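Q: I'd like to learn how to read a protein model feature by feature. Can we go through this one together?

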Amino acid sequence: MPLNRDTKYVKSINGRVSVIGMGTWGIGGGFWSPDYSNDEGWVRALRRGIELGMTLIDTAEMYGGGHSEELVGRAIRGFPREELFIITKVWPNHARYDDVLKSARASRERLGTYIDLYLLHWPATDVPICETMRAFERLIDDGVVRFVGLSNFDVDGIERARQCFSKYDIAAVENRYSLLHRIDEASVIPYAQRNGMLYLAYTPLEKGEFASNEFLRSIGRKYGKTAIQVVLNWYIGIDNLVPIPKAGRIEHVEENAGAMGWRLSKEDWDAISNHFRRA
């Protein structure tokens, strides 16, 4: 089955990624705690999302103590690997040089494939950032990962990390961002855009907060789309930004995919931006 081609180009990876990704927090368990109760359902949801063109998948070693990575590995089997962009993260208590290498290789083993983008999940307060970044460079050299980045970092933190590299650079940053949580508009998002970096927005749907919003529903009626699809399409309109809503259930995955393949008018995009800036 040919995959949907609604993608955007990102300079830092010299390639294209799907305009919407799939997040996996809560899939396969919670904070280091695996949950095997719905493995088949989670795998089906992820596979359905890939079929619908959401080929960027975000996970982490912490999610379910690695079980989320195992489920992603199961879900991607049979799909063309070059069509996928797999992201995972190392927890800051593994930020020492040797621990980073060990964690990344364990993640690769659970995924059953190389890692497209490897992120430091949060700043590590007790490990010099350059120690972690040296390990990241080694992982690229060894072919374990293709690109590296940071999660939950501000611009100063990103700059400090970038100064550590001798051969490579930060390709992406993943932070919380939504129409209701727009702090990064003043700093990190413009920085990522100026530097050609991928910006990944987690919690873009605010855990269902937008679903019943009447303003968004009114916009959606013009396009035959739901409020959720309108919000996700609004994010698509931001250069270098890819939202990563959770992909836990097939019906949600299918609704999310309905945000691709069309675009809000500039007038509607601006109206949404301004409406939530006032809210």
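A: Helices (H or I, at least four residues) and strands (E, at least two) are DSSP runs, numbered from the N terminus. Take Phe 31: its place is the loop between strand S3 (21-23) and helix H1 (39-51). This is a predicted model, where local features need pLDDT of at least 70 and side-chain atom pairs count only at pLDDT 80 or more, while totals for chains, interfaces and linings use all residues. Residues are numbered from 1 along each chain as its sequence is written, and side-chain values use heavy atoms, with hydrogens and water left out.

Q: Is Phe 31 buried or exposed?

A: Buried means under 20% relative accessible area, exposed over 50%, and partly exposed in between (1.4 Å probe, protein chains only). Phe 31 has a relative accessible area of 52%, so we call it exposed.

Q: Which residues make the nonpolar surface patch?

A: Patches are made of residues with over 30% relative accessible area and no salt bridge; like charges are joined within 9 Å, nonpolar side chains (Val, Leu, Ile, Met, Phe, Trp, Tyr) within 5 Å. A salt bridge, in turn, is a side-chain nitrogen of Lys or Arg within 4 Å of a carboxyl oxygen of Asp or Glu. Areas come from the Shrake-Rupley method with a 1.4 Å probe, and for residues only the protein chains shown count as cover. Here, Trp 25, Phe 31 and Trp 32 make a nonpolar patch of about 340 Å². Trp 25 is partly exposed at 43% relative accessible area, and Trp 32 is partly exposed at 32%.

Q: What about phi of Trp 32?

A: Most residues other than glycine have a negative phi. Trp 32, in the loop between S3 and H1, has a positive phi of about 65° although it is not a glycine. Asn 14 also has a positive phi, near 45°; you'll find Asn 14 in the loop between strand S1 (7-10) and strand S2 (15-18).

Q: How many aromatic pairs are there?

A: Rings of Phe, Tyr and Trp (its six-membered ring) pair if their centres lie within 6.5 Å; planes under 30 degrees apart count as stacked, over 60 as edge-to-face and the rest as tilted. By this rule the count is nine. One of them is edge-to-face: Trp 25 and Tyr 63, 5.3 Å centre to centre with 65° between the planes. Trp 25 lies in the loop between S3 and H1 and Tyr 63 in the loop between strand S4 (56-58) and helix H2 (67-75), so this pair ties together parts 38 residues apart in sequence. Tyr 63 is buried, with a relative accessible area of 7%. Elsewhere, Tyr 177, Tyr 199, Trp 234, Tyr 235 and Trp 269 form one aromatic cluster.

Q: Where does the charged end of Arg 81 sit?

A: A charge sits over a ring if NZ of Lys or CZ of Arg is within 6 Å of the ring centre and within 35 degrees of the ring normal. For Arg 81, the ring is that of Tyr 114, with the charged end 3.9 Å from its centre.

Q: Which side chain makes a polar contact with the side chain of Arg 81?

A: A polar contact is a pair of N or O atoms within 3.5 Å; within protein, one must be able to donate a hydrogen and the other to accept it, and residues adjacent in sequence count only if both atoms are side-chain atoms. The partner is Thr 113, at 2.8 Å. Thr 113 is buried, with a relative accessible area of 13%.
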